[in-house]
Amino acid sequence: NLLKNSLQDELDCFFKHHQNLEYDQRVVSKAAFCKARTNLSYSTFVELHETLIDGFYRDAAYKKWKGFRLNAVDGSTLKLPNNSDVIEHFGQQTGKEVPQSRVSSRYDVLNGITIELMVRSIHADERKMAQEHLNKTTSDDLLIYDRGYPCFSMFSAHRTNGSQFLMRLPRKYSKETTAFESSDLIENTITLAPNRPETKRRCIDSGVSTEPLNIRLIKIDLPD
């Protein structure tokens with residue numbers, strides 16, 4: 001109904017039409033509605049969203065880029081109500097006035113649709129959340145990430161999953177990327193291996209292979 005009036009007015013209007021009442025009558029109070037709403041599981045909205053998304057990609061003639069569905073993945077934080085239950089579940093950041101959660105979104109940039117949105121504790125690892133998105137992607141998906149995401153375990157997770165990725169790299173990500181950035185090449189293929197102990201440990205914790213893999217580097221000069 002795209003609520004425009006107060007909650008009580010909207011409830012009265014809804015039940016007047018729903019029950020074909022001839023005059024205004026208080027059927028459900030605002031307090032009763034709010035009390036009933038607390039019994040509604042959050043998973044209801046997750047499942048409803050998944051049903052709508054599945055229906056769209058099954059029935060609509062949606063846009064693709066060279067056969068790929070373009071998925072942009074990014075994380076952020078969300079301010080939450082300041083109460084004890086919320087703080088217990090999501091955690092509290094030092095120095096912050098209100099509790100926050102960490103969110104990770106997978107967004108279809110061509111069709112303007114949020115395919116998947118995760119909400120976790122503020123202390124959750126943004127890269128691990130991004131890796132969870134891969135559980136529902138296929139080889140027809142091309143996932144796009146900014147500079148905060150590149151790491152060997154993420155590369156390897158895509159290899160395991162079979163989906164494609166494009167990540168913006170910091171100039172000094174590795175000695176190979178540093179050499180490529182200072183060269184005259186606009187494209188090159190390098191082989192990366194998890195040489196650091198912490199990198200191998202992250203792969204093991206993420207359940208992905210530590211075998212070396214080939215990465216294609218592309219250089220794009222921006223106007224500035």
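Biologist: Is Glu187 buried, partly exposed or exposed?

Modeller: The general idea is a scale of relative accessible area, on which buried means under 20%, exposed means over 50%, and partly exposed lies in between, with a 1.4 Å probe and protein chains only. Glu187 has a relative accessible area of 41%, so Glu187 is partly exposed. This is a predicted model, in which local features need pLDDT of at least 70 and side-chain atom pairs count only at pLDDT 80 or more, while totals for chains, interfaces and linings use all residues. Residues are numbered from 1 along each chain as its sequence is written, and side-chain values use heavy atoms, with hydrogens and water left out.

Biologist: Which residue forms a salt bridge with Glu187?

Modeller: Side chains of opposite charge can pair when their charged atoms come close. A salt bridge here is a side-chain nitrogen of Lys or Arg within 4 Å of a carboxyl oxygen of Asp or Glu. The partner of Glu187 is Arg216, and the closest N and O atoms are 3.1 Å apart. Arg216 lies in strand 7 (residues 213-218) and Glu187 in strand 6 (residues 187-192), so the pair ties together parts that are 29 residues apart in sequence; helices (H or I, at least four residues) and strands (E, at least two) are DSSP runs, numbered from the N terminus. Arg216, at 53% relative accessibility, counts as exposed.

Biologist: How many salt bridges does the structure hold?

Modeller: The structure holds nine salt bridges. One of them joins Arg120 to Glu132, with the closest N and O atoms 2.8 Å apart. Because Arg120 lies in strand 3 (residues 113-121) and Glu132 in helix 5, this pair ties together parts that are 12 residues apart in sequence. Arg120 is partly exposed, with a relative accessible area of 30%, and Glu132 is partly exposed, with a relative accessible area of 30%.

Biologist: How far apart are the closest N and O atoms of Glu181 and Arg171?

Modeller: In that salt bridge the distance is 3.9 Å. Glu181 lies in helix 7 (residues 175-182) and Arg171 in the loop between strand 5 (164-167) and helix 7, so parts 10 residues apart in sequence are tied together by the pair. Glu181 is partly exposed at 36% relative accessible area, whereas Arg171 counts as exposed at 60%.

Biologist: Where is His133, and is His133 buried or exposed?

Modeller: His133 is in helix 5 (residues 126-133), and His133 is buried, with a relative accessible area of 0%. Contact means heavy atoms within 4.5 Å. Leaving aside neighbours within four places in sequence, His133 is in contact with Val73, Ser104, Ser105, Arg106, Glu116 and Met118.
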